[in-house]
Amino acid sequence: YTQWSETYDAPATNPALIIEEAIVHPILAGLPRGRALDVACGSGRHACHLASLGYDVIGVDATPAMLDLARAKAPQIDFREGHFDALPVDDGSIDVLTCALALCHERSVALAVAEFARALRPGGTAVVSDMHPMSTNTGGAAAFPSKDTTSVPFVRNHAHHAGEWFAAFRAAGLQVEGLDEGFGSADTAALLPSYAAFPEATVRAFAGTPTIIVWTVTKPA
């Protein structure tokens, strides 16, 4: 992600972000305002959106280069370095938590979900998005542009099926309120690195297939 940070903020280049935001933004708009925590905030895209909705926002990420981007973009937001398994926030201090397209890089979601539950106040909500397991199981990876045209750099994804997520939420005492899926289209397929060499095959492979999964869960009051 340090390497990816050089191009991560480029608008309309990442199809996963486009598909994910179309689902997550309406969910966040309908939640009560309060203190929000954006876990794995990256360059701050959800943190900035939460702030624009009126939330008091904390952003946490493990990559200093990404945090540099986020702080330059939104110096008014409290960005902190940290990881899923030890979030730098107090118990029960968060009203709304987001974690976007990050846990696919972890072998298991259980530790992160337990931390989400610890951070949320009773009655709080977490909106957690990830790469759809169908996408990952058919070769989907977090690929990104590079100056080297002979290869495509990527961050490895691990598939997390619905049963794993459900078990982790249940073990952490969280209640599932919603499950949404986002699908690729011809437009988003055209943004993929393979499109330049294999446009027709890329559209046929990715348009209409599930790409993103979004969970909305609450911590019972």
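These are my notebook entries on a few spots I looked up in this predicted model.

**Entry 1: the largest nonpolar core**

I began with the largest nonpolar core, which has 28 residues. Which of them touch the most other members? I found L37, V39, L97, C99, L103, F116 and W165. Next I looked up the elements that give two or more residues to this core: the strands β1 (35-39), β2 (56-61), β4 (94-100), β5 (120-131) and β9 (210-218), together with the helices α4 (110-119) and α6 (162-171). Helix α4 gives the most, with 5 residues. I also noted another core lying apart from this one; it has 26 residues, including I19, V57, L67 and I212.

**Entry 2: around L37**

**Entry 3: aromatic rings**

I counted 3 aromatic pairs in the model. Where do the two partners sit? W165 is in helix α6 and W215 in strand β9, 50 residues apart, and the pair links these distant parts of the chain. Buried or exposed? Both W165 and W215 are buried. I then followed the ring pairs and found that they link W165, F169 and W215 into a cluster. Back in my first entry, W165 was also among the core residues that touch the most other members.

**Entry 4: helix α2**

Helix α2 covers residues 45-52, and I asked which of them are buried. They are R45, H46, A47, H49 and L50. What covers them? My answer includes the helices α1 (15-29) and α3 (64-73), along with the strands β1, β2, β3 (78-81) and β4. I also saw that α2 is followed by G54, which has a positive phi, near 105 degrees.

**Entry 5: N157 in a loop**

My last stop was N157, in the loop between β7 (154-155) and α6. Why does N157 count as buried? Its relative accessibility is 11%, and the cut-off for buried is under 20%. I then checked its side chain, which makes a polar contact with the side chain of H105 at 3.1 Å.

Technical notes: Residues numbered from 1 in each chain as written. Predicted model: local features only at pLDDT ≥ 70, side-chain atom pairs only at ≥ 80, totals over all residues. Heavy atoms only, no water. Core = buried A, V, L, I, M, F, W, Y, C linked by side-chain atoms within 4.5 Å. Buried < 20%, exposed > 50% of the residue type's maximum accessible area, 1.4 Å probe, protein only. Helix = DSSP H or I, 4+ residues; strand = E, 2+ residues; numbered from the N terminus. Phe/Tyr/Trp six-rings, centres within 6.5 Å; stacked < 30°, edge-to-face > 60°. Contact = heavy atoms within 4.5 Å. Polar contact = N/O pair within 3.5 Å; in protein donor to acceptor, adjacent residues only side chain to side chain.
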